[in-house]
Amino acid sequence: MKDINSGILAPSGFAGSAVKTGVKNSSLDLAIIYAEKEARTVAVFTTNEVQAAPVIFSREQLKSDRIKAIVVNSGIANACTGEQGWLDTVEMAKKTASKLSLDKEQILIASTGIIGKNLPMDKIKPGIDQAAASLNKSSGSEIARAILTTDTSIKEKAFKFEIGGREIKIGGVAKGSGMIEPNMATMLAFFTTDIAIKTELLDAAFREAVAKSFNKITVDGDQSTNDMAAIMASGMAGNPEITEKGNDYHKFVRVLTELAEFLAQAIVRDGEGCTKFIEVVTAGVRTEEEAEKIARKIANSPLVKTAIFGEAPSWGRIAAAVGSASNNFSKSDLVIELNGNKIFGPAEKVYNFPKDILNQNEILINVDLNAGHASAKIWTCDFSHGYIDINTKYYS
């Protein structure tokens with residue numbers, strides 16, 4: 001497996017473009033990802049009960065299994081916008097289909113940005129015209145930039161590898177910085193690949209990759225109305241079609257998961273106001289579900305996150321988070337480590353540790369309950385003054 005350029009447009013059979021509509025003033029804010037032929041496409045969406053119109057629309061569109069384009073706008077989420085929001089989403093699909101000589105049923109729509117505002121269709125529709133007329137193979141990074149909101153950096157990656165003696169390419173882009181607690185956050189992620197694979201297996205592979213990546217991150221514990229992650233497979237690599245969960249399937253899952261993990265971690269590293277990337281690992285737990293519950297409780301604790309920002313090794317906050325998430329262990333068996341330094345337990349012993357234990361940009365929290373064999377991992381970031389500043393200035 002090797003890194004390659006062009007990001008989401010690296011695989012065979014895809015083109016795209018990104019334009020400035022004026023919704024975000026002078027920034028790129030609308031993108032199209034286009035498949036030259038009908039692509040096998042699957043997606044996962046937010047589980048928030050308050051869902052944006054494009055989420056509801058795109059979920060229905062996937063039933064056709066004829067997708068050829070994804071249109072993404074940033075700046076306005078088109079969430080909580082009632083009937084007009086739905087009509088605007090449908091109009092985006094119709095407009096794109098018309099310009100690309102497609103059927104409306106072949107278009108997915110995604111939006112991200114401020115909740116509660118209607119889309120300025122007088123800007124969006126000319127933007128779609130421009131984007132549809134300028135599709136190319138070299139705009140991968142521009143697409144990655146056009147989908148951003150409070151992000152400070154683009155998030156893109158592409159790999160190539162071999163299956164059945166044929167070169168396979170896979171690329172992806174993502175956005176997200178705040179309102180991040182995917183269960184499947186304001187988070188969008190899009191992948192393309194030229195692998196030939198049955199839709200059912202593509203769906204299984206994608207859900208496994210998402211479970212190990214985007215569903216293992218949290219910035220602030222808040223779940224968005226607009227989450228969407230989708231993958232399109234053109235089948236143009238020429239490999240023997242993957243029709244069962246054999247070696248080729250599992251190899252594809254490994255590469256897809258690595259790409260998804262890279263993008264998921266990039267979201268956390270760009271968390272609003274973030275100064276430190278944090279990995280929380282829980283071990284010695286009775287079940288994987290409980291292990292993840294404990295890890296997520298630590299990762300979402302404002303007390304833990306602010307302590308790490310202040311480089312204060314307040315391990316008692318970690319212990320308190322563990323105890324509030326589980327009662328299936330004895331505190332005398334609890335062990336806590338920070339950056340490889342044991343600081344608490346077993347038998348409630350407190351260890352001496354370096355004063356500068358948290359002065360690094362990457363922090364590892366290890367917690368062992370010594371009560372079972374299950375483990376879990378969650379990626380998060382600290383809370384700084386910047387997080388407050390960003391979110392007091394961001395309307396709805």
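Predicted model: local features only at pLDDT ≥ 70, side-chain atom pairs only at ≥ 80, totals over all residues.
**Helices α5 and α6**

Helix α5 covers residues 199-211 and helix α6 covers residues 247-269. I have to remember that helices (H or I, at least four residues) and strands (E, at least two) are DSSP runs, numbered from the N terminus.

The angle between α5 and α6 is about 40°, and their axes are 9 Å apart. Axes here are lines fitted to C-alpha atoms, for helices over the stretch in contact, and angles run from 0 to 180 degrees between N-to-C directions. The two helices are therefore oblique to each other (under 35 degrees is roughly parallel, over 145 roughly antiparallel, 65 to 115 roughly perpendicular, and the rest oblique).

Who touches whom? On α5 I found, among them, Leu 201, Phe 206 and Glu 208, meeting residues of α6 that include Tyr 249, Phe 252 and Thr 257. Contact means heavy atoms within 4.5 Å. The residues of this contact split into 11 nonpolar, one polar and one charged (Ala, Val, Leu, Ile, Met, Phe, Trp, Tyr, Cys and Pro are nonpolar; Asp, Glu, Lys and Arg are charged; the others, Gly among them, are polar).

**Helices α2 and α3**

Next I checked α2 (residues 82-100) and α3 (residues 121-132), which pack at about 25° with axes 9 Å apart. So α2 and α3 are roughly parallel to each other. Their contact includes Asp 88, Glu 91 and Lys 95 of α2, and Ile 124, Lys 125 and Asp 129 of α3. I got six nonpolar, one polar and six charged residues for it.

**The two domains**

I then zoomed out to domain 1 (2-269) and domain 2 (277-391), with bounds from an automatic or database domain assignment. Their C-alpha centres lie 33 Å apart. Domain 1 gives 17 residues to the contact and domain 2 gives 15. Together they bury about 1,300 Å², 52% of it on carbon and sulfur atoms (buried area is the accessible area, with a 1.4 Å probe, that two parts lose on being put together, summed over both).

Gly 345 and Pro 346 are joined by a cis peptide bond, with omega about -5°.

Key:
Residues numbered from 1 in each chain as written. Heavy atoms only, no water.
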